[in-house]
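This briefing is meant to be read with the sequence and the model side by side.

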Amino acid sequence: CVLKASQKRRPLSRLLEQLLRNLEKRDPHQFFAWPVNDNFAPGYSTIIKKPMDFSTMKQKIDDNEYKSLNCFISDFKLMCNNAMKYNKPGTVYHKAARRLLHAGLKQLTPQKLRPLGDILT
Ligand SMILES: COc1ccc(C(=O)NC2CCC2)cc1-c1cc(C(C)=O)n2cccnc12
């Protein structure tokens with residue numbers, strides 16, 4: 001039988017794409033969808049040494065840069081922590097990052113991931 005293009009992807013890539021889609025749902029304002037622009041965030045690129053956003057994570061999945069789930073989770077945490085570092089507590093972005101991190105890590109617990117079986121081993 002002929003596999004559809006999506007089925008030809010590596011199992012890890014397909015899993016990470018699914019996890020990414022679920023994480024993106026927790027960012028309704030799309031504050032994390034694209035790299036933060038210094039014009040809207042003065043001094044961002046001097047304060048945040050390793051920027052990260054969902055579009056960059058998607059590109060890394062497509063380029064097979066993630067060798068494990070943990071590398072993917074590290075970038076997700078980096079993205080949220082960047083926002084909590086640059087933006088003061090109480091700002092819309094700091095609050096959004098804290099909520100996204102909390103909701104996202106709940107989706108990435110072993111209990112939630114175990115049903116996905118030995119893809120992760
Ligand atoms: C891709 O980044 C963005 C895209 C759109 C918006 C946005 O629509 N902001 C409107 C809500 C009040 C203006 C904000 C951001 C944004 C994210 C962030 C983060 C994630 O730190 N940020 C920080 C300072 C200023 N703007 C932002």
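In this predicted model, Leu 12, Leu 16, Leu 19, Leu 20 and Leu 23 of helix H2 meet Leu 69, Phe 72 and Phe 76 of helix H5. The residues of this contact divide into eight nonpolar, no polar and no charged.

**Packing of H2 and H5**

- Two packed helices are described by the angle between their axes and the distance between the axes.
- For H2, which spans residues 11–24, and H5, which spans residues 69–86, the axes come within 11 Å and cross at roughly 25°.
- Because angles under 35 degrees count as roughly parallel, H2 and H5 are described as roughly parallel to each other.
- The crossing of H2 and H5 is right-handed.

**The largest nonpolar core**

- The largest nonpolar core holds 26 residues, and among these Phe 54, Phe 72 and Phe 76 touch the most other members.
- At least two residues of this core are supplied by each of H2, H4 (54–62), H5 and H6, while the largest share, eight residues, comes from H5.
- Phe 76, which also takes part in the meeting of H5 with H2, touches Leu 23, Phe 54, Met 57, Leu 100, Leu 101, Gly 104, Leu 105 and Leu 108 when residues up to four places away in sequence are not counted.

- His 94 lies in helix H6, which covers residues 92–107.
- Is His 94 buried or exposed? The relative accessibility of His 94 is 10%, and since buried means under 20%, His 94 counts as buried.
- With neighbours within four places in sequence left aside, His 94 is in contact with Ala 83, Met 84, Asn 87, Lys 88 and Pro 89.
- Between His 94 and Pro 115 there are 21 residues of separation in sequence and 32 Å in space, taken from C-alpha to C-alpha.

**The chain as a whole**

- The secondary structure of the protein chain comes to seven helices and zero strands, and the pattern read along the sequence is α-α-α-α-α-α-α.
- Taken along the principal axes, the C-alpha atoms of the protein chain fill a box of roughly 55 × 30 × 25 Å.
- The protein chain has 121 residues, of which 36% are buried.
- Among the contacts in the protein chain with a separation of 6 or more, 63% are between residues 24 or more positions apart.

Notes
Residues numbered from 1 in each chain as written. Predicted model: local features only at pLDDT ≥ 70, side-chain atom pairs only at ≥ 80, totals over all residues. Heavy atoms only, no water. Helix = DSSP H or I, 4+ residues; strand = E, 2+ residues; numbered from the N terminus. Buried < 20%, exposed > 50% of the residue type's maximum accessible area, 1.4 Å probe, protein only. Contact = heavy atoms within 4.5 Å. Axes fitted to C-alpha atoms, helices over the stretch in contact; angles between N-to-C directions. Parallel < 35°, antiparallel > 145°, perpendicular 65-115°, else oblique. Left-handed = near helix turned anticlockwise from the far one by under 90°. Nonpolar A, V, L, I, M, F, W, Y, C, P; charged D, E, K, R; others polar. Core = buried A, V, L, I, M, F, W, Y, C linked by side-chain atoms within 4.5 Å.
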